[in-house]
Every structure is written in C-alpha cells, then in structure tokens.
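The model is shown first, and the description follows.

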Amino acid sequence: MANFIFLKETNSTNTYLKTRCKELCDGTVVSAEIQTAGRGRLGHGWSANEGMLPFSILLKNPIERETLTARAGLAICGVIADFCGNSPEIGIKWPNDIIIANRKVCGILCESLCFGDSVCVICGVGINISQSEDYFLSENLPHAGSLLTQTGIAPDREELLRNAAERIILRAKQPFSECRGEYRKRLVNLGKKVRIISQNGEITATAEDISANGFLVCRGENGIFEVNSGEVSVRGENGYI
Ligand code: BTN
C-alpha cells in the first residue's frame with residue numbers, strides 16, 4: 001500500500017523525496033498541485049501548469065534499478081489504457097517518454113541515492129492530463145500532448161494518481177524478464193531508424209531490441225551496439241519519433 005502526501009506547491013516532487021528519503025518509508029508517494037522547478041532528463045526543466053500531474057514515488061532497495069524506468073513506463077501505459085481506453089497508439093519512446101499518437105503525454109525521471117549498502121530510488125512522473133493544443137503551441141512544445149488532446153478524456157487527477165502509483169509499485173517488484181515481451185510491443189522505436197544524440201555527436205542506427213538490462217539494442221554501420229539511457233537522447237530519423 002502506498003502512503004500519499006499531497007502538496008499544494010513544491011519546487012520538484014523528486015527533490016522533495018530526495019531530501020527526505022531517510023525518514024520517509026518505502027512506497028511514499030508525493031504529488032503537488034504546482035511544481036515550480038520540475039526536472040527532466042539530461043538536465044532539462046519540466047514546466048508544470050495545472051493541467052499536469054507531477055508525482056514521485058520513493059522506492060527503497062528496488063530490484064533491477066536499471067530497468068525501473070522501463071517498468072514504470074509499462075505501468076503508465078497500463079493506467080492510461082484503463083482510464084482512456086486501450087489503443088495500440090499508447091507507446092513508449094525509449095527510454096522514458098510515454099506517447100499517444102506520436103505526442104509525448106508523460107515523462108519519467110528515476111534518480112538514485114546510495115547510503116552504504118542501501119539505495120533509495122525516486123521515480124518521478126509527470127502526466128499531461130488536460131492541457132489544450134493551444135497551451136502546447138504557446139509553450140513551443142510541438143511534440144507534447146495531453147490525455148485530453150490525444151484521447152478526448154481527462155481522467156480525475158487523484159484517481160489517476162492513486163492508480164498510477166499502485167501500478168508502479170507493483171511493477172517495481174516484477175523482474176524485467178517477465179515483462180520484456182510486453183515492453184517490446186509498446187516500444188515505438190522498434191524497427192525504426194533512430195538518431196542517437198550524445199555529447200560526442202550524433203549517429204544514425206536502427207533500433208532492434210531492448211536488452212535484458214533496459215538498454216536500446218541498435219544496428220549501425222559497424223554492427224550491433226547497446227545504448228545506455230543515461231548518456232543520450234534518441235530521436236526519429238526525421239523528427240521526434
Ligand atoms: C523527462 O521526460 O525528461 C522526465 C520528466 C519527469 C518530470 C517529473 S514531474 C514529477 C517529478 N518531479 C520532477 O522534478 N521531475 C519529475
């Protein structure tokens with residue numbers, strides 16, 4: 001069972017848990033109505049207006065930390081399918097974007113803190129629930145969408161939060177070997193040409209699989225190689241996907 005903390009406002013729900021992880025118990029979930037300095041992957045910001053649901057979950061010593069983002073992604077796809085209707089268009093753009101019909105509706109940021117032998121992982125999730133097309137245009141976010149713009153349904157915030165958190169906590173206990181096949185079905189990059197962008201430049205390859213430890217398996221001109229999510233961002237050959 002999750003233990004919920006509902007905040008009116010915080011800088012970042014991930015930071016809130018990071019600074020209190022020793023005293024809070026495993027499975028604590030914190031959400032905020034307003035998040036003023038949300039953080040995304042690779043040092044990006046994550047702006048939040050009232051149409052967005054930011055929340056984070058504290059997981060103490062979870063199994064297979066390296067595949068947690070992948071398993072959290074599956075949890076989010078499942079909850080979206082429950083609330084908005086299952087559709088093959090609900091997918092995961094590796095490593096952490098949840099997509100509906102080519103638009104990003106959710107991002108996931110897992111961060112770890114080590115204390116001797118124990119590890120706290122904070123799994124942060126931002127779901128766009130009800131922002132309008134105009135909002136994304138005005139924020140210059142052409143690849144973003146909300147559950148409302150992409151499915152016509154804006155679920156109740158608290159119900160969505162409770163379901164998403166429970167599903168992530170369950171997935172955090174499931175080995176990736178049990179859900180890798182399911183992940184492949186959701187992976188929108190599979191079989192597509194991708195541009196892998198890192199500090200060292202950009203290469204193009206074909207995404208062929210997800211490895212047992214959550215890396216993207218690609219085929220490039222020199223053969224097969226694996227990409228670690230910590231290092232890169234992945235785009236489609238001619239655009240976002
Ligand atoms: C990304 O797509 O780059 C990941 C975005 C993750 C944003 C969420 S919102 C709740 C939690 N708190 C944060 O500061 N970030 C995550």
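In this predicted model, D97 is buried, with a relative accessibility of 6%. Its side chain meets that of K104 in a salt bridge, with N and O 2.7 Å apart. K104 is buried too, at a relative accessible area of 17%. Because buried means under 20% relative accessible area, both values fall in that class: 6% for D97 and 17% for K104.

**Salt bridges**

The chain has 13 salt bridges in total. Another of them joins E133 to R103, where the closest N and O atoms are 3.1 Å apart. E133 belongs to helix α3 (residues 133-138) and R103 to strand β8, so this pair ties together parts that lie 30 residues apart in sequence. E133 counts as partly exposed, at 34% relative accessibility.

A further salt bridge brings together the side chains of K18 and E111, at 3.4 Å from N to O. This pair links distant parts of the chain, since K18 sits in helix α1 (residues 13-18) and E111 in strand β8 (residues 103-115), 93 residues apart. K18 is partly exposed, with 27% relative accessibility, whereas E111 is buried at 14%. Through shared partners, salt bridges join K18, R39 and E111 into one network.

The three pairs described above are set out below.

| Salt bridge | N to O distance |
|---|---|
| D97 and K104 | 2.7 Å |
| E133 and R103 | 3.1 Å |
| K18 and E111 | 3.4 Å |

Over the whole chain there are 26 positive and 28 negative side chains, and the centres of these two sets lie 2 Å apart.

**Loop residues and their contacts**

N11 is located in the loop between β1 (3-10) and α1. Its relative accessible area is 38%, which places N11 in the partly exposed class. Leaving aside residues up to four places away in sequence, N11 touches Q35, T36, A37 and G38. R39, a member of the salt-bridge network with K18 and E111, lies 28 residues from N11 along the chain, and the C-alpha atoms of N11 and R39 are separated by 9.2 Å.

Which residues does A37 touch, not counting residues up to four places away in sequence? The contacts of A37 on that basis are N11 and S12. A37 itself is found in the loop between β2 (28-35) and β3 (38-39), and it is partly exposed at 42% relative accessibility.

**Backbone geometry**

The peptide bond that joins W94 and P95 is cis, with omega at about 0°. P95 lies in the loop between β6 (90-93) and β7 (97-100). D97, whose side chain takes part in the salt bridge with K104, is buried at 6% relative accessibility.

Positive phi values occur in two residues described here. E64, which is not a glycine, has a positive phi of about 40°. It is placed in the loop between β5 (52-60) and α2 (68-84), where E64 is partly exposed with a relative accessible area of 29%. N140, likewise a residue other than glycine, has a positive phi near 55°. The loop that holds N140 runs between α3 and α4 (147-151), and N140 counts as exposed at 62% relative accessibility.

**The chain as a whole**

The secondary structure of the chain consists of six helices and 14 strands. Its radius of gyration is 17 Å, close to the 18 Å that the globule rule gives for 241 residues, so the chain is as compact as a globular protein of that length. Along the principal axes, the C-alpha atoms fill a box of roughly 50 × 50 × 30 Å.

Of the 241 residues, 49% count as buried. The accessible surface comes to about 11,300 Å², and carbon and sulfur atoms account for 47% of that area. Among contacts between residues at least 6 apart in sequence, 65% join residues at least 24 apart.

Key:
Residues numbered from 1 in each chain as written. Predicted model: local features only at pLDDT ≥ 70, side-chain atom pairs only at ≥ 80, totals over all residues. Heavy atoms only, no water. Helix = DSSP H or I, 4+ residues; strand = E, 2+ residues; numbered from the N terminus. Rg over C-alpha atoms; globule rule 2.2 N^0.38 Å. Buried < 20%, exposed > 50% of the residue type's maximum accessible area, 1.4 Å probe, protein only. Contact = heavy atoms within 4.5 Å. Areas by Shrake-Rupley, 256 points an atom, 1.4 Å probe, with all protein chains shown as cover. Lys, Arg positive; Asp, Glu negative; His and termini not counted. Charge placed at Lys NZ, Arg CZ, Asp CG, Glu CD. Salt bridge = Lys/Arg side-chain N within 4 Å of Asp/Glu carboxyl O.
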